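I opened my notebook to keep track of what I looked up, one entry at a time. Follow along with the model beside you.

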Amino acid sequence: MTKTAVLIDDDKDDHEFFLEAIHDIDNSLTCNCLLDGEEALKLLRENKKNLPDLIILDTNMPRVNGRQILVELKSDPSLQSIPVVMYSTFFSDRDNEEFAKLGAVHYLAKPSKFGDFQNSLKEILTSKW
């Protein structure tokens, strides 16, 4: 059975970086990338028969930020069971606590070194949510 992930991030360069890391870690994982949080929510709500196994969600996006999207995901009974990993350049302890309270299962910092990023991502992908 193929596992799927969705990356919601407004930066196309981050999409490429992320997809390369995923391919090197587990090329059986299908990862779809979406640039816009509002559009992502719409697509997830419309495709309830084909939901991802994991959502990776950038915290800083225009229009609808990651926190707002997390709240929307966790308030929708058909989407709330999908594990959500928050994704950003920086997390404060306060951010981590807030995201955990809102239902995120983990947070992933955007490291500057590709190998560090792969190691962090591998840890997340092998976790049982």
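Predicted model: local features only at pLDDT ≥ 70, side-chain atom pairs only at ≥ 80, totals over all residues.

**Entry 1: Asparagine 65**

I began with asparagine 65, which I found in the loop between β3 and α3. Helices and strands here are DSSP runs, numbered from the N terminus: a helix is H or I over at least four residues, a strand is E over at least two. Residues are numbered from 1 along each chain as its sequence is written, and side-chain values use heavy atoms, with hydrogens and water left out.

**Entry 2: Arginine 63**

I stayed in that part of the chain and looked at arginine 63, in the loop between β3 (54-58) and α3 (66-75). Arginine 63 has a positive phi of about 65°, although it is not a glycine. Its relative accessible area is 59%, so arginine 63 counts as exposed.

**Entry 3: The whole chain**

Next I stepped back and noted five helices and five strands. Along the sequence they follow the pattern β-α-β-α-β-α-β-α-β-α. The radius of gyration is 14 Å, close to the 14 Å that the globule rule gives for 129 residues, so the chain is as compact as a globular protein of that length. That radius is taken over C-alpha atoms, and the rule is 2.2 Å times the number of residues to the power 0.38. I also wrote down the box that the C-alpha atoms fill along the principal axes: roughly 35 × 35 × 30 Å.

How much of the chain is buried? Buried residues are 38% of the 129. I then checked contacts, meaning heavy atoms within 4.5 Å. Of those between residues at least 6 apart in sequence, 66% join residues at least 24 apart.

I found leucine 35 in the loop between β2 and α2. Leucine 35 is partly exposed, because its relative accessibility is 37%. Leaving aside neighbours within four places in sequence, leucine 35 is in contact with Asp9, Asp10, Asp11, Lys12, His15 and Met61.

One of those contacts took me to histidine 15, which has its place in helix α1 (residues 12-25). Histidine 15 is buried, because its relative accessibility is 8%. Not counting residues up to four places away in sequence, histidine 15 touches Leu7, Asp9, Cys33, Leu34 and Leu35.

**Entry 4: Alanine 21**

I moved along to alanine 21, also in helix α1. Its relative accessible area is 0%, so alanine 21 counts as buried. What does alanine 21 touch, not counting residues up to four places away in sequence? I listed Phe114, Phe117, Gln118 and Leu121. For tyrosine 87 I noted a C-alpha to C-alpha distance of 14 Å from alanine 21, with the two 66 residues apart in sequence.

In helix α2 (residues 37-46), I found Gly37, Ala40, Leu41 and Leu44 buried. Seen down the axis of α2, these fall within an arc of 100°, so they line one face of the helix. The arc is that of the directions from the helix axis to the C-beta atoms. The cover over the buried residues of α2 includes β1 (4-8), β2 (30-34), β3 and α3.

In α3, the buried residues are Gly66, Ile69, Leu70, Leu73 and Lys74. Their arc down the axis of α3 is 125°, so they too line one face of their helix. Their cover includes α2, β3, β4 (84-88) and α4 (93-102).

**Entry 5: Serine 112**

I finished with serine 112, in the loop between β5 (106-109) and α5 (114-125). Serine 112 is exposed, because its relative accessibility is 76%.

Technical notes: Buried < 20%, exposed > 50% of the residue type's maximum accessible area, 1.4 Å probe, protein only.
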